[in-house]
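Please read it with the model open.

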Amino acid sequence: MPTEISSPIQGSLVAIVTPMHADGALDLEALKKLIDWHVVSGTAAIVIVGTTGESPTVDVDEHALLIKTTVEHAAGRIKVIAGTGANSTKEAISLAAYAKSVGADASLSVVPYYNKPTQEGLYQHFRAIAEAVDLPVILYNVPGRTVADMATATTLRLAEVPGIVGIKDATGDIARGSDLIRRLRLLEKGSGKRFSIYSGNDDSALALMAMGSDGVISVTANVAPKLMADMCRLALAGDFAGARAVNDTLMPLHFDLFVEANPIPAKWVLARMGRCNAKTRLPMTPLSARFEPVLEAAMRHAALL
């Protein structure tokens, strides 16, 4: 029987960047320092080698090294969710098996991109991963990047598969997210199986927590980990006035960290803060100069400068 998570991971889960040296090589020491920062800031989990971690441009050996380094350095101080998605089911299984072998707590598996599977194809893909590897799977639906969009009905089917324990909903559609939360919670009542729902968009995270989600897999947490952790903690405790106050401080970052393709702005802000190099790999390019004042203003609003 595939492993389930005994208690849900709730709060601010950071979709962490992959620090790189000026020549593009992985900067593992900077990554370790970022992990330490998240531990003391109250981040609930590190999501390593996701979209924000530039998974499309790290090779297989680097992908494995990033997962292994994160698990080893976290050393049980913080949960580690390994990005293991692929548009090949065989490759996704292989990556999930590796994450399991080095001690990751769960995997994040994205809807297959480019090849545009049917809804039945999506169901069979994720079910095959869950059945092949004894590691909890969090689904990741981000149609803006993958083109394929996992329907709510497919998510509900997958929620019943042992080992599939949650979803990162990055549709950006609050009404759709609210309906998904409602229907999954009804399913939970009938099955008794806990299924976690995370916003994949920082700007809608508070709204979805008010509707019953478990938190956010966050880009903003890269640069403001304590504020994101505080906002999620307040919202999950039902203190929505307090959560709104923190979220108001963060809102410019929620928007402006996407003035260009993620993670270009997040890395620029981290470099401005002295946390890591702003280097990204092609086809990502350095932040356009016209956006630097925009991000500076967002940083000042959140008291990061």
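**Notes on the model**

1. The side chains of N262 and T52 form a polar contact at 2.8 Å (a pair of N or O atoms within 3.5 Å; within protein, one must be able to donate a hydrogen and the other to accept it, and residues adjacent in sequence count only if both atoms are side-chain atoms). This is a predicted model, in which local features need pLDDT of at least 70 and side-chain atom pairs count only at pLDDT 80 or more, while totals for chains, interfaces and linings use all residues. Residues are numbered from 1 along each chain as its sequence is written, and side-chain values use heavy atoms, with hydrogens and water left out.

2. N262 sits in the loop between α10 and α11 (helices are DSSP runs of H or I, at least four residues, and strands are runs of E, at least two, numbered from the N terminus). With a relative accessible area of 4%, N262 is buried (buried is under 20%, exposed over 50%, partly exposed in between, with a 1.4 Å probe and protein chains only). Not counting residues up to four places away in sequence, N262 touches T52, R145, V219 and M284 (contact means heavy atoms within 4.5 Å).

3. Two cis peptide bonds deserve a check. One joins N262 and P263, with omega about 15°; P263 is in the loop between α10 and α11. Another runs from L282 to P283, with omega near 15°, and P283 is in the loop between α11 and α12.

4. How do the axes of α10 and α12 cross? Helix α10 (residues 240–256) and helix α12 (residues 292–301) have axes that come within 8 Å and cross at roughly 160° (axes are lines fitted to C-alpha atoms, for helices over the stretch in contact, and angles run from 0 to 180 degrees between N-to-C directions). The two helices are therefore roughly antiparallel (over 145 degrees; under 35 is roughly parallel, 65 to 115 roughly perpendicular and the rest oblique). On the α10 side the contact is made by D248, T249, P252, L253 and D256, and on the α12 side by V294, L295, A298, M299 and H301. By class, this contact has six nonpolar, two polar and two charged residues (Ala, Val, Leu, Ile, Met, Phe, Trp, Tyr, Cys and Pro are nonpolar, Asp, Glu, Lys and Arg charged, and the others, Gly among them, polar).

5. Helix α11 (residues 264–272) packs on α12 at about 65°, with the axes 11 Å apart. P265, W268, V269 and R272 of α11 meet E292, L295, E296 and M299 of α12. The class count for α11 with α12 is five nonpolar, no polar and three charged residues.

6. E296 lies in helix α12 and is buried, at 17% relative accessible area. The side chains of E296 and R272 make a polar contact at 2.6 Å. Leaving aside neighbours within four places in sequence, E296 is in contact with W268, R272 and L305.

7. Y114 is in the loop between β4 and α4 and counts as exposed at 73%. A303 is in the segment after α12 and is exposed at 62%.

8. T118 is in the loop between β4 (106–110) and α4 (119–132), and is exposed at 54% relative accessibility. A polar atom of the T118 side chain lies 3.0 Å from the backbone nitrogen of G121.
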